[in-house]
Amino acid sequence: MNIKKLLCLLVIVIISIIPAASEENIFYDLSSKEISELSFYYQNNSTFPLNEFYTQSSEYSSEYPFYSYNLALKCHRIIMKMDMYGMASDHGTKIVIDDTFDEIESKNNEIDEQLADLNENNLSFSGMEWLSLAENEIEESRHYFSISQEHYDNGNFNDTLETLIKSNFAIYKAENLLNVAKYKNNESSKINHIQRIEGGEEIASKWIQVADEQIKILSEAGNRKDILASSENILETAKQHYSAERYYLATMNAAEAKALADFGIDYKKVVGHKEAIRSAEKQMENTNASLSSLFGNPEIDAPIIVLHFESAKIRLKESRIKNSTSSIPLADISIRNALIAKEQANAIVELKNTIEAIDTSSQSEPELIPLGLSPLIGAIAILIMFRGKKW
């Protein structure tokens, strides 16, 4: 009898553990870590700034972990800001600014080196995704760092402090993303730097062109001026990423711009909130079916897509419980995010397939020449050149 009870207990324990383990992925880990660190400030302190974000982040952690993580980051930023202003009050604004300048510059250089080392080597596809996000955050950090130096030179110490906080916050996010990139850079499906550049350039260029064409159609149709402006701005960001050879981000932004343009072209004004919710539910079903195979692929994390999809699900959920006036715009946002996730999923699959299809057999040929022979070959080439020259 005791053995039977023990066996039953064991079965119950196993059943309870399996679902929890299945939920533990990189998004859940990021969310849990952030919430855990924030609990020191927010636990039993309902008056702490952005407490509602912390509460929502905790509630969403299991079902919408990446959305939860991004909410928690807002809380982290306000804490960072409070700490910086506290130090400025205690020690003097200029002293804190001077110390922070040195600290940020050192951190940026350190992370840049780590990013470069990782980027030069072979990467898994998911490792490349997180690396791209980390590179973008360091670019953001350097952008605000440069602005803060301008403010400092002009004697605007308050503005200097504000932009230094933004720069430091971008570093914090970059460090998180870099750690994930290292962790996700496993032994499977390695792709080299040349593949990432050649494949990325090809697909990013294609999606930018497609988005540009759809935006022109939307502009001529005259629908949803707000959507037109958003899609144009996002496409411009895609082009900036493309110019900087950040092809993964260029592709994701171009796909987002195209999705928004498609949404504006096909937009039909709904009569009531029930119709709006039904439209959002239909789009959610469509997107969910399209993403099921993508999310089942262990080689793709698709963090940008995950965030859009989770946002779409949350807005749809909110539209069902809000009053009729609020339901329509919430459903509208849900449809847009779902469409973006679906279009980005198409783009990311195409990007991965194109990168992996690039022939790498000839890429190692220059390495076949022994290093010690390079000067000899150069000397022979110079000798031939001079012997063939007529005086």
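Biologist: Is Arg224 buried or exposed?
Modeller: Arg224 counts as buried, because its relative accessibility is 17%, and buried here means under 20% relative accessible area, with exposed being over 50% and partly exposed in between, using a 1.4 Å probe and protein chains only. This is a predicted model, in which local features need pLDDT of at least 70 and side-chain atom pairs count only at pLDDT 80 or more, while totals for chains, interfaces and linings use all residues. Residues are numbered from 1 along each chain as its sequence is written, and side-chain values use heavy atoms, with hydrogens and water left out.

Biologist: Where is Arg224 found, and what is its phi?
Modeller: Arg224 is in the loop between α8 (193-221) and α9 (225-243), and although Arg224 is not a glycine, its phi is positive, at about 40°. Helices (H or I, at least four residues) and strands (E, at least two) are DSSP runs, numbered from the N terminus.

Biologist: What about Asn44, buried or exposed?
Modeller: Asn44 counts as exposed, because its relative accessibility is 80%. Its place is in the loop between α2 (26-42) and α3 (51-60), and its phi is near 60°, which is a positive value in a residue other than glycine.

Biologist: Stepping back, how many helices and strands are there in the protein?
Modeller: The protein has 14 helices and zero strands. Of its 391 residues, 42% are buried.

Biologist: Among contacts between residues at least 6 apart in sequence, what percentage join residues at least 24 apart?
Modeller: For the protein that share is 80%, where contact means heavy atoms within 4.5 Å.

Biologist: Back to α2, then: which of its residues are buried?
Modeller: The buried residues of α2 are Ile26, Phe27, Leu30, Ser31, Glu34, Ile35, Leu38 and Tyr42. As background, an α-helix has 3.6 residues a turn, so residues three or four places apart point the same way.

Biologist: And what covers the buried residues of α2?
Modeller: The cover includes α3, α4, α6 (125-153), α7 and α12.

Biologist: At what angle do α2 and α7 pack?
Modeller: α2 and helix α7 (residues 157-184) pack at about 140°, and their axes are 12 Å apart; axes are lines fitted to C-alpha atoms, for helices over the stretch in contact, and angles run from 0 to 180 degrees between N-to-C directions. On the α2 side the contact is made by Ile26, Leu30, Lys33, Glu34 and Glu37, and on the α7 side by Tyr172, Asn176, Val180 and Tyr183. These residues of the contact of α2 with α7 divide into five nonpolar, one polar and three charged, where Ala, Val, Leu, Ile, Met, Phe, Trp, Tyr, Cys and Pro count as nonpolar, Asp, Glu, Lys and Arg as charged, and the others, Gly among them, as polar.

Biologist: How do the axes of α4 and α12 cross, at roughly what angle?
Modeller: The axes of α4 and helix α12 (residues 303-321) cross at roughly 95° and come within 8 Å. The two helices, α4 and α12, are therefore roughly perpendicular to each other, given that angles under 35 degrees count as roughly parallel, over 145 as roughly antiparallel, 65 to 115 as roughly perpendicular and the rest as oblique.

Biologist: Which residues in α4 and α12 meet?
Modeller: Pro65, Phe66, Tyr67 and Asn70 in α4 meet Pro303, Val306, Leu307, Glu310, Ser311, Ile314 and Arg315 in α12. By class, that contact of α4 with α12 has seven nonpolar, two polar and two charged residues.

Biologist: Which residue takes a positive phi just after α4?
Modeller: That residue is Gly92, with a phi of about 105°.

Biologist: Changing topic, what is the angle between α10 and α13?
Modeller: Helix α10 (residues 247-265) packs against helix α13 (residues 324-357) at about 135°, with the axes 8 Å apart. That makes α10 oblique to α13. By class, the contact of α10 with α13 has 12 nonpolar, two polar and six charged residues.

Biologist: Last one: in which helix does Ala211 lie, and what does Ala211 touch?
Modeller: Ala211 lies in helix α8 and counts as buried, because its relative accessibility is 0%. Not counting residues up to four places away in sequence, Ala211 touches Leu235, Ala254, Ala257 and Lys258. Ala211 and Ala261 are 50 residues apart in sequence, and C-alpha to C-alpha they are 7.5 Å apart in space.
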